[in-house]
Amino acid sequence: MKFNNILVSKNNNLATVTINRPKKLNALNKATIEELNEAFETLQDANDVKVILLTGSGDKAFVAGADISEFAHFSVDEGGFLARKGQEMLFNFIENLSTPVIAAVNGFALGGGLELAMACHFRIASNNAKMGLPEVSLGVIPGYGGTQRLPQLVGKGKAMELIMTAGMIPADEAKACGLVNYVVTPEELLPLAEKLAAKIMRNSPVAISSAIRAVNANFEDGVNGFDVEIEAFGKCFGTQDFNEGTTAFLEKRKPIFPGL
Ligand code: COA
């Protein structure tokens, strides 16, 4: 994969995607969103990738938002198209990926940057990270799912406060309200992500992808998450991973999941 705005590397079944526009604090322009879509699509299909880590380059920002210079002169139609296309190509796409995606928030995660982190399956942060949805300070609202995912993660009242004040919260406050799961020093961030990824990798990839689908079903309109869970649960009984997991348990050994 050859990209201009992101870096992709693989090590021990962990793929790391790094948004690489540090001079623009990794702001999400159109090209970066397209490259991220292509990278995630490819990584999801790669048999040697069990977990994906998403982070930003440099020591200042994860992503400081959508690239304001690109949409400052947009019309009503162009604004709507920007949000719809972005949500479909990247934000919803990541949320529904069958491979687990961890966001390692290593600095500013603002606007589209926080929305990107929230689309990942869970988040960890370094103690210099700052998070917020400052869109209303620009006369616009979050358009990449922020008005939906922030209340899901932190509750409606806190989300309303964060969105209306356009304020930034530090990492420890983000942890206290459930936005991130862990806060560590910048040096500890990637090692922690690797440790969590290694724990995930010990488990059945097929079961994990079903669990992602079932958890996400809770937030889909017109979908009964319990029914999705029941169906996905039943399907597990027909997988080689289930056979291996239960057999290994009974034989008192560690499972080697084929991922089938
Ligand atoms: N879109 C486009 N460019 C951005 C950007 C964004 N969202 N965020 C930062 N940049 C650019 C700046 O324009 C600047 O570019 P320049 O050097 O060519 O002028 C560069 O990144 C560095 O940013 P700067 O503002 O100088 O850094 P800072 O440390 O003074 O401030 C922030 C950091 C994050 C507080 C500030 O950049 C900011 O408020 N960014 C916008 C955040 C935002 O509103 N995001 C939501 C967008 S919907």
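Helices (H or I, at least four residues) and strands (E, at least two) are DSSP runs, numbered here from the N terminus. The structure is a predicted model, in which local features need pLDDT of at least 70, side-chain atom pairs count only at pLDDT 80 or more, and totals for chains, interfaces and linings use all residues. Residues are numbered from 1 along each chain as its sequence is written, and side-chain values use heavy atoms, with hydrogens and water left out.

Spanning residues 112-119, α4 is mostly covered, with eight of its eight residues buried, where buried means under 20% relative accessible area. Among the buried residues of α4 are L114, E115, L116 and M118.

Backbone geometry draws attention to two further sites. N13, in the loop between β1 (6-11) and β2 (14-19), has a positive phi of about 70° although it is not a glycine. N13 is partly exposed, at 30% relative accessibility, a class that falls between the buried and exposed cut-offs. L25, also not a glycine, has a positive phi near 50°. L25 sits in the loop between β2 and α1 (30-45) and is partly exposed, with a relative accessible area of 25%.

Key. Buried < 20%, exposed > 50% of the residue type's maximum accessible area, 1.4 Å probe, protein only.
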